[in-house]
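Please open the model in your viewer, with the sequence panel beside it, and follow the stops below in order. Each stop says what to select and then what is found there.

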Amino acid sequence: MQTTFSKATTGQGLYEFTRDVADWVSGDGLLTLFIQHTSCSLLIQENADPEVQTDLQNFFHRLVPPTTNPRMAYLTHTYEGPDDMPAHIKAAMLPVNLSIPVMNGQLRLGTWQGIYLFEHRTAPQVRNIVAHLS
């Protein structure tokens with residue numbers, strides 16, 4: 001069983017799409033999610049306190065700032081904007097695929113876990129996430 005979820009983003013941040021996935025799954029198996037882009041990531045993260053998402057975004061922005069930051073002067077891939085190469089670096093550091101057990105049509109996530117697209121680009125994007133349940 002396969003499908004593709006398309007998610008619109010409005011810029012950098014974490015976008016939860018747990019409900020979309022939960023509404024799609026059925027039966028038992030292993031769900032694989034894969035994002036078809038090189039400047040965003042997928043995460044399973046806490047969905048109770050929005051400060052967690054804010055802190056994650058702030059941490060990765062501090063760790064890998066835009067190429068306009070003097071600390072990033074060594075980067076050469078800059079023609080797509082100051083956020084592009086840092087977005088690729090963040091995507092290389094974070095997962096682009098997730099595996100989630102499904103039992104009786106339910107995602108086997110923990111109580112406070114949600115599924116997130118972590119957008120690393122500043123401009124709005126449309127991102128595609130392929131889902132495969134086997």
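**The whole chain**

Among contacts in the chain between residues at least 6 apart in sequence, 78% join residues at least 24 apart, where contact means heavy atoms within 4.5 Å. This is a predicted model, in which local features need pLDDT of at least 70 and side-chain atom pairs count only at pLDDT 80 or more, while totals for chains, interfaces and linings use all residues. Residues are numbered from 1 along each chain as its sequence is written, and side-chain values use heavy atoms, with hydrogens and water left out.

Colour the chain by secondary structure to see 3 helices and 8 strands, following the pattern β-β-α-β-β-α-α-β-β-β-β along the sequence; helices (H or I, at least four residues) and strands (E, at least two) are DSSP runs, numbered from the N terminus. The radius of gyration is 16 Å, close to the 14 Å that the globule rule gives for 134 residues, so the chain is as compact as a globular protein of that length; this radius is taken over C-alpha atoms, and the rule is 2.2 Å times the number of residues to the power 0.38. Along the principal axes, the C-alpha atoms fill a box of roughly 50 × 30 × 20 Å. Buried residues make up 39% of the 134 residues, with buried meaning under 20% relative accessible area, exposed over 50%, and partly exposed in between (1.4 Å probe, protein chains only).

**The nonpolar cores**

Next select V21, L31 and L33, which have the most contacts inside the largest nonpolar core, a set of 19 residues. A nonpolar core is a set of buried Ala, Val, Leu, Ile, Met, Phe, Trp, Tyr and Cys residues joined through side-chain atoms within 4.5 Å. At least two residues of this core come from each of α1 (18-24), β3 (29-35), β4, β5 (97-103), β7 and β8 (125-133). Centre the view on V21 and, leaving out residues up to four places away in sequence, its contacts are F5, L31, L33, L107 and I115. A second, separate core has 7 residues, including L14, L43, Y116 and F118.

**Helix α2**

Now select residues 50-63, helix α2, whose 14 residues should span 20 Å at 1.5 Å a residue, in agreement with the 20 Å between its end C-alpha atoms; the expected span is 1.5 Å times one less than the number of residues. Its buried residues are Q53, L56 and F60. An α-helix has 3.6 residues a turn, so residues three or four places apart point the same way. The buried residues of α2 pack against β2 (13-16), β4 (40-46), α3 (84-93) and β7 (113-119), whereas the face turned away from the buried side carries the exposed residues P50, E51 and R62. At the start of α2, look for a side-chain oxygen of D49 that comes to within 2.9 Å of the backbone nitrogen of E51.

**The loop between α2 and α3**

Follow the chain onward to P66 in the loop between α2 and α3, which counts as partly exposed at 23% relative accessibility. P66 lies 20 residues from P86 in sequence, and their C-alpha atoms are 6.0 Å apart. T67 is in the loop between α2 and α3 as well, and counts as buried at 17%. Beyond its neighbours within four places in sequence, T67 is in contact with M72, L75, T78, G81, P82, M85 and P86.

**From α3 to R121**

In helix α3, select A87, which counts as buried at 0% relative accessibility. Its contacts beyond four places in sequence are T38, S39, H120 and R121.

From there move to R121, in the loop between β7 and β8. Is R121 buried or exposed? With a relative accessible area of 13%, R121 is buried. Its side chain makes polar contacts with the side chains of D83 at 2.8 Å and D84 at 2.9 Å; a polar contact is a pair of N or O atoms within 3.5 Å, and within protein one must be able to donate a hydrogen and the other to accept it, with residues adjacent in sequence counting only if both atoms are side-chain atoms.

**A last stop at N104**

Finish at N104, in the loop between β5 and β6 (106-107), which counts as exposed at 62% relative accessibility. Phi of N104 is near 55°, a positive value in a residue other than glycine. Most residues other than glycine have a negative phi.
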